[in-house]
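Student: I have a new structure to read. Could we go through its charged pairs together?

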Amino acid sequence: MWQESDNKLYRKFQFSNFSEAFAFMTRVAIEAEKMDHHPLWTNVYNTVEIWLSTHDAGNVVTEKDRKLAKKIDGLI
């Protein structure tokens, strides 16, 4: 579930191994590039953490972030 705090949407994803986590990141990257909206994220082994905010709007959460979050949820 996405959490909103500090003007960002945040979600942590865990997978069974690094390959699954990396494959997920690849799918997210393709969707983010299509939207020209790129997340702040980290990956350590099987864990991916994502923060979304819209830089052009002053680093706050916008509808663009919510749309990307919904697309990301569909990639799990």
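Here are some questions and answers on its salt bridges.

Tutor: This is a predicted model, where local features need pLDDT of at least 70, side-chain atom pairs count only at pLDDT 80 or more, and totals for chains, interfaces and linings use all residues. Residues are numbered from 1 along each chain as its sequence is written, and side-chain values use heavy atoms, with hydrogens and water left out.

Student: Why is the pair Glu 4 and Arg 66 called a salt bridge?

Tutor: A salt bridge needs a side-chain nitrogen of Lys or Arg within 4 Å of a carboxyl oxygen of Asp or Glu. Here N and O are 2.9 Å apart, so the pair qualifies. Glu 4 sits in strand S1 and Arg 66 in helix H2, 62 residues apart. Helices (H or I, at least four residues) and strands (E, at least two) are DSSP runs, numbered from the N terminus.

Student: What makes Arg 11 buried or exposed?

Tutor: Buried means under 20% relative accessible area, exposed over 50%, partly exposed in between (1.4 Å probe, protein chains only). Arg 11 has 18%, so Arg 11 is buried. Its salt-bridge partner is Asp 73, with the closest N and O atoms 2.5 Å apart. Asp 73 has 31%, so Asp 73 is partly exposed.

Student: How do you know whether Glu 31 and Lys 34 are buried or exposed?

Tutor: Glu 31 has 17%, so Glu 31 is buried. Lys 34 has 63%, so Lys 34 counts as exposed. Their side chains meet in a salt bridge at 3.3 Å, N to O.

Student: What is Lys 71 linked with?

Tutor: Lys 71 joins Glu 31 and Lys 34 in a network of salt bridges.
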